[in-house]
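Let's take a walk through the charged pairs in this one. Have the 3D view open and follow along.

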Amino acid sequence: MRKLSLIIGTLVLLTSLQLINSSPHGKDFKANCDDCHTTESWIVNIDSIRFNHDTTAMPLVGQHKQTGCRSCHTSLVFEDAETGCIDCHSDIHEQTTGPDCGRCHTPESWIINNISQLHDQTRFPLLGAHKSADCSGCHPSESLLKFEPVGVECINCHREVYEINGNPDHIKAGPSPDCSECHFAWSYSWIEFSKHDLRFPIYSGRHNGLWSDCSDCHTNPSNYGEFTCLNCHENGGHEGVPGYSYNSIACYGCHPTGSEEGSFNHNSTGFQLTGAHTNTGCQECHTNGNTAISAECNSCHQPDYNASTNPNHGELQIPNSCENCHTTAPGWKPATFDIHNQYYALNGAHALISNDCATCHNDNYINSPNTCIGCHQQEYDQTNNPPHESAQFSTECLTCHSEDAWQPSTFDHDAQYFPVYSGKHAGEWTACTECHTNASDYTQFSCIECHDHNQPETNNQHNGIGGYAYNSPACFACHPTGDASAGFNHNTTSFPLTGAHTTTACIDCHTSGYTGTTTVCSDCHVTDYNQATNPNHIAAGIPNTCATCHTTEPGWQPATFPIHNEIYPLNGAHAVISNNCAGCHNGNYNNTPNTCVGCHLDNYNQTNDPPHATAQFPTECLTCHNETAWTPSTFNHDGQYFPIYSGKHNGEWTSCSDCHTNASNYAQFSCIDCHEHNQADTDNEHNGIGGYAYNSPACFACHPTGDASAGFNHNTTSFPLTGSHTTVDCSSCHTNGYAGTTTVCGDCHASAYNQSANPNHIAIGIPNTCATCHTTEPGWQPATFPIHNSYYPLNGAHSTISNNCAGCHNGNYNNTPNTCVGCHLDNYNQTTNPPHASAQFPTECQTCHTENAWTPSTFNHDGQYFPIYSGQHNGEWSTCADCHTNASNYAQFSCIDCHEHNQADMDDEHNGIGGYAYNSPACFACHPTGDASAGFNHNTTNFPLTGAHTSVDCGNCHTNGYAGTTTVCSDCHMQPTTSRPTRTIQRPGFRQPVQPAIPLNLAGSRPPSRFTAITIP
């Protein structure tokens, strides 16, 4: 028993301690209890508390000082109270001014006394009369507190003023709906500070006070773009004024300010009148009163340009800037052509006659030749020394002549061809034909017919000379100056003979003569290039510029390869052995590898410290080595992986295998095998550290620098731990190691996303960006749904309960209806005035109601159906049932049950009215507004009654009611009928048809292949 008492006492003590240590104001509440409470009682005396609310994030100012604490702090956990205005105060502006109440209001009062200043921060500052305008005038709403954005153009608010204005009539006169073109936004009147003076001064200058109404000048009320001066001003007084015309446009053109003294002077503009322009009438240029005329000639004279033929300006693409060639003198003459050189350059003697156009063109500027021979054919034909025509000299005159003069000729026989005026042949000839034996072709010449020798002697003299041939071209080739002692020496040319070329016969290269022989190696050796195999020049993309690598030595050896870097760059140690081709290629230049390991695999395999092959080091040598030398290696263990040459581990190891205990895989390392501790001790040291695990990867993850005092702190990363993450074991997230772990919620919580059922995230397409709706708090709660409007927009009254999810969803987020009646069926069923359910009202609530409130309803009985709040029936009824006598069908209505008359009286009053029937649909058809004096008149419709139609009973045509009846003849007169159809009248806007009380009969017959014959009984 004593033991039981001890246990009970212990429990009481523990419970007391727990109560003492807990606070009803939340675990993070730091204030002292005695700031608010006394030892006498927990009850707070508001006048004696020492707690200063101004030390919190929500200082109490203005009206908040008098607000009771519980108004904001709905629970004792004070930190749960929100600090935003919108959290406590309903948004009476219905989200039209934003959620920040402080933009306009202060805690002192809701009253705003700086509307203008606030409005200046919008797109439409308040100026002039706008400053005193009522807000609801521009922002209409039922509550007068909803300020929907409106347009900032004047016409957005003042269209009615624009449309009804009669002076001038804006609709007929057609001024722009941009009010600012004539009116000022800062004015207090439509006519104050009119902008008319910007167009023509009527409030200032000579016309100030001389008119009383716009129509004094604007006599056409349908077009205020027109005006008249002649109604006030008389003709006369303009004698000698060029371009004068007695019309209003001309008046305004010369007197744009209305002042006689300040009349227009064309020469004071940027376009002075000269030449033919001085005698041109103003209206010829200023057609239709156009004042905005370009000063460019082509703006008026483009037709002249287009019609020009000699020359055709357009065809020759002569620029249409007339002033380049013409003045304003009549007839376009005189004219110059300063751009002649763009078509044909005038140089030398041509430049001297550049102004004498007729000499070359002879008044024909279309087909003038642009070659020398085109103009100088006659000189060519008549030249005899030498005879140009018979000798078939080239007609390219510039070959021998210049544009300065025909004489002296620039033809230089000695320098260009062969010395006949100097050297051995000077004075040895008298006529060109001594050498040029073919008078019809001066390109031919002869040496062997002129000299005193014969072929055997010449052959003997040239014995042993390679390439010798007994013909004139060969003579000229070896003796180009005609001097026997100065024979041709190949080494004095641009192609000296070296190597194998010295033993090559001339004819092997000069296969087509001795002139123009190529000096490009590949032109002769292309076959050698194409057949090269080691290396294959074409396959390797080696250029065919032989001299790049080869000399003229026989066998193409020795050879260099200076473009090696274009195929494979030689750097570092490779550059040192760049001339030792065999060292790398070993005689095979086709299949040489171009990777490090391709040449250095033996080095890789034979390396033991560390053993590259067994440790499976990558064969990308450049990862650790460079091309200069294998050592020192560029591998940076400290910077790339782990500090072993610095920090705590510097000097603590001797070989790679101290840490990398698996010689076959250096990607593995060990921490726990190296340090002097056992698992029990290490476990004890890490007691309470979340995610701790006794393994090397975990050691490295928390101590990446090897320093025990610098342990890893998750909150210093880009992913600080909050909520549930603070209690999650590290390995739960870092399943594949600690590096590269994703920070995207969906990557870890895809399973939770996929398995979500209320709502089913996948089924309704909620994005897997968890942070959009959730925090890291346990159980995914609390959650928001800021994308609600993507599924169902929350407007009006719905927006005010947007945070009360349970109010609509009641815990079920999958099957929530998205129609009004889906949620408000009870309201529909319980409504009695009128009774929606029994009257079979449509369940499309928005037909009559808005999302702001059920009342006032937007149902417009007068506008949509029948005037009961206006006209003859206003005040004549008290309940819907007065007319809608069938409570189960409001599509039906009655006229005859309500009015104080009987059928006999009605029949008498409608005597002679075709189609009259004593039933409510007929009453409504003829009296749609309920006014007896405003009966229906068929002739005011688009189908007036004429001929036989005037005596036809209405029911014969309106067989299915009075609305929507066809006006196409064949629709009535092609269908044979033998019995009377029952006429169904559809009441506009209701679902149930109304059967008339009196059936209507229509009889007739149709002859074969003829139109229907209708007989009216």
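Which residue forms a salt bridge with Glu94? The partner is Lys146, with the closest N and O atoms 3.7 Å apart. Look at where the two sit: Glu94 is in the loop between helix H3 (85–88) and helix H4 (115–119), while Lys146 is in the loop between helix H5 (135–138) and helix H6 (154–164), so the pair links distant parts of the chain, 52 residues apart. Keep in mind that this is a predicted model.

Lys146 is buried, at 18% relative accessible area, because the cut-off for buried is under 20%. Glu94 comes out as partly exposed, at 26%.

Lys146 has another partner too: Glu148 forms a salt bridge with it, and here the closest N and O atoms are 3.4 Å apart. Glu148 is partly exposed, with a relative accessible area of 38%.

Salt bridges that share partners join Asp34, Asp35 and Arg50 into one network. Within it, Arg50 and Asp34 pair up with their closest N and O atoms 3.3 Å apart. As for accessibility, Arg50 is exposed at 56%, whereas Asp34 is partly exposed at 44%.

Why do such pairs turn up at all? Side chains of opposite charge can pair when their charged atoms come close. In total, the structure holds four salt bridges.

Key. Residues are numbered from 1 along each chain as its sequence is written. This is a predicted model: local features need pLDDT of at least 70, side-chain atom pairs count only at pLDDT 80 or more; totals for chains, interfaces and linings use all residues. Side-chain values use heavy atoms; hydrogens and water are left out. A salt bridge is a side-chain nitrogen of Lys or Arg within 4 Å of a carboxyl oxygen of Asp or Glu. Buried means under 20% relative accessible area, exposed over 50%, partly exposed in between (1.4 Å probe, protein chains only). Helices (H or I, at least four residues) and strands (E, at least two) are DSSP runs, numbered from the N terminus.
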